[in-house]
Amino acid sequence: MFCPKLHTKFTLHRPSFLAAIFVNSSSVSPPFFHFSPIKNSSILQFSLQYSSTLLQEFTTYTVQQPINASHITSRTRAEFAHAPHSLDEMPHRKYQSSEHTLLRDVFKIVQLVMREPKITTAAMVHALAAKQGALGDLYVATSLVTVYSRSKALTSSIALFDEVVDRDVVLWNAMMSACTENRAFRAAVDLFTKMVNQGNDFDPTTLVIVISAFSDLKNLRQGEIIHGMSITAGMLSDTVLSNSMIDMYSKCGDLTSSERMFSLVEFKDIVTWNSIISGCFYNSHPYKSLLYFKHMASLENRADHMSISCAMAACTSLQEFDIGMAIHGWGIKLGYSESSYASVSNSLISFYFQLKDIDAIESVFNGMAVKNAVSWNTMIKGFFLIGEADEAFILLRDMQFAALIQPDIATMVTVIPFCAELVLPREGKAAHGFIVRREMASELSVVNCLINMYSKCSNIEKAEYLFSTMPKKDSVAWNTMIFGYAYNGQSLEARVLFKKMTGFCKNCTLPTLLAIVPSCDSPDSIRFGRSIHGWGIKLGFTSQLFALNSLIHMYISCDVPSDAFALFESISSRVDVTSWNTIIVGCTQKGHFSEALRYFDSMRKASQIRFNPVTLVSVLSSCGNLGLSLQGKLTHGLSLKTGISTHTRVQNSLVTMYGRLGDSESATSAFHLSEDRNLCSWNCAISAMSQNEDARRALELFRSLDFEPNEITLSTVLSACSHLGAVSVGKQIHAHVFRFRFERNIYISAALVDMYSNCGRLEVAERVFRSSPNKSVSAWNSLIMAYGSHSMGSKAIETFEAMVGSGIRPTGGTFTSLLTACSHAGMVEEGRVYYDCMLKEYGVVPCVEHRVCMVDILGRSGRIREAYDFVRELPEGGEAGVWGALLSACGYYGEVEIGREVAEVLFGLEPENVSYYVALCNMYVAVGKWEEAVELRSRIQDKQLKKQVGFSFIDLGLR
């Protein structure tokens, strides 16, 4: 940010040959900005009867605090924060003593009002000047224009400017500065265009103000034209103008030109250095910021509070903690302590939040002499980032009631996104109410945050309402709403809105592609996804890794991993850790576990890429799902070696992996070795115990839970009760469900139905199912399985038909439950029909469980030969589970010959599974083939195989 310094060595220029460029390129002025050469002084219509009294009051005050003429006429060289304030430092006219005492008094009064401008005092002084005939004086008119501007009355500044006939460059500069100060940047540009067209002179200050406007408008092309004008006029040697050029190029995203401009500045002051340091950081090059800061220090240039603030921000971004602490110490040595400079304090707070050094944060914050809104916002955001949401909300309350600082738009834009990420609808609604009361609802950034918050809190209807009632929608609003639909599974609505957006917004951006891609999440949407890919190529978005990573994930989500792999290989020379994580996580989520491990091996071989906790979470999950105990343990060792094992998510993944591998002891050890356990850690441990038939220990863990349980905790514990048949404990958990108001949760309802049915309380299971307002596919599956377990096949079929009739698409689990019910009820033909229609009508590919159920259906009905033919005709040759079901049926019906063939197949598939040997031996004994039975027993002894001892239990309650 730059403030013009004043140089008198330049002559004024009038480049009329450039006027046409600005006339053609400038857009229409805002409605309030209308230039009309009014000659009569008729701006404000009010009585002037108090003018004499006012003059006396101001004259008295002037005598008490005299005006120093040098403050009015001399040129200063102080640094400044922003070009809109350039009027303070611009070249003023040399003040000439007026012969009229009243005119001098009016001018002094105007200067006094400028110190603390208010619209009421500005209007009164304006009236006084009009009465005394002082409006024809350029000194008075220029000062009044500035007073009105700083009173946020830009329309009055414009009207007064229009009334002045003979305008000089200082008045033009004052009016343009007023426009930029009130963020009417286009109006400032239009003024400059008019100034040039009328043949008026301009000076370096004029160009600084215009450059500032183009900087805020992000208009690089027009900024380059001004650059050319400054060269033509010979003004580029002015340091202030050069500094503003550096700032303009960096803010327009052209860092290369900004650096080139910096290198051409002959006499670099602190503002020059600050401009390039902040410019590099603004363009996401914090490393360059630190390099320029170091270079500045090496030349013995004294850093100021702006330099130190920016350097600390760069250290925070790069996580260069040692350098940051050194800069902190240097800043203290130079006298820029955190107690005196808010910008330094705010950057230090952000820095120490990265270190999670709460003591240092509190020391800096409490040591601040003046805490502004930015300081409070920084603290609130920092506590959100380190996961201390409660502390953040306490600070938000203290900000209002203790510090008496009202949260501003920046505060709301900080708080609401965290309400979205943490799914805090209650707090988000409270923030929305505050926004309405404080009349911030017209701010686009705030409304966009609210749309995002409601979308992520599953209140898509409210998000739709906010979007539809927006009077003006920017691209961010469209993108947020599109993503909201995709996030809530409403892919069709997302695509419709995207097509509508392309009609309204001609310039779609990369975030638009990132918003619409998640709507392509199933094989049905692959065609639309490919069209989005083509659209992205056409607009040049695919040069960005963000876009390519999202497209890779889209192809995996659409079950076209080959396209994802091909796209990944095509960009293999420039992939980053996010690209690797995208394909590894995607493969893991879609069940391509072997491919996930393969890509992890390739990632480790790429020496320039270092994996992170996200990578290992997916790798550990793949090892657990594939049952790869050795690779899982090796990955565990790798996490210990690299220090990543301290991350909570990795620790939780280790517990889950060992649980899936059936290693309860290792899962328990991993859980107890976790340093920073959260609720997810407890859920993983309880689930691991429950999955490994250690339900009693799962319930004991639940009793010692350190957190308030959530729906995942309770559904996992209900599963443990189901395994134990502990209906009494299940009822207690059911009471917890009501206590924590989870009875409407679809997963809880399904778990309750499953628990009550497995404990023999079918009527209660039915009642829970009927009372559930939202019946998920899991709840339907649980009820179908419940009927099947109680040999009520007809009821199971009726439930299945009702499920299909309600619009819920059956899954593989649904057919497993249905075929099991048919098997238990002896409904052979019905089972065959449903097995045959799985793929044809519902698109569910039969898996091992379905084939086992089909063999069981045929075997239970005595159709052994038919079951045998069914297995033989399977394209995969049949899995061990399918052959095992057939062997069991052979034993039940005494089909020894077929049983022998089936057993030989099983001995080849699973030679260490003793149950197959025992089943065949029992068949031999049943038909009197003792020699074969003895021979088989000998084989079992030779292999040192032991049959697992069976057991039963009764519920005595927890001790």
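Entry 1. I started with a single residue, keeping in mind that this is a predicted model. Is Phe565 buried or exposed? Phe565 has a relative accessibility of 16%, and because the cut-off for buried is under 20%, I put Phe565 down as buried.

Entry 2. Next I searched the whole structure for aromatic pairs and got 32. I picked out the one between Phe565 and Tyr599: the ring centres are 5.3 Å apart and the planes meet at 40°, so I noted the pair as tilted. Phe565 belongs to helix 31 (residues 561-570) and Tyr599 to helix 33 (residues 593-605), so this pair links distant parts of the chain, 34 residues apart. I checked Tyr599 too, and with a relative accessible area of 3% that residue is buried.

Entry 3. Then I looked at Tyr835 and Phe870. Their ring centres lie 5.6 Å apart with the planes at 70°, so this pair is edge-to-face. Tyr835 is in helix 47 (residues 828-842) and Phe870 in helix 49 (residues 864-872), so the pair ties together parts 35 residues apart in sequence. Both Tyr835 and Phe870 came up as buried.

Entry 4. Which residues do ring pairs link into a cluster? I found Phe498, Phe528, Trp535 and Phe541 joined this way.

Entry 5. Last, I turned to charges over rings. Lys473 has its charged end over the ring of Phe467, 5.2 Å from the ring's centre. I also noted Lys775, which lies over the face of Phe769 at 5.5 Å from the ring centre.

Note on methods. Residues numbered from 1 in each chain as written. Predicted model: local features only at pLDDT ≥ 70, side-chain atom pairs only at ≥ 80, totals over all residues. Heavy atoms only, no water. Phe/Tyr/Trp six-rings, centres within 6.5 Å; stacked < 30°, edge-to-face > 60°. Helix = DSSP H or I, 4+ residues; strand = E, 2+ residues; numbered from the N terminus. Buried < 20%, exposed > 50% of the residue type's maximum accessible area, 1.4 Å probe, protein only. Lys NZ or Arg CZ within 6 Å of the ring centre and 35° of its normal.
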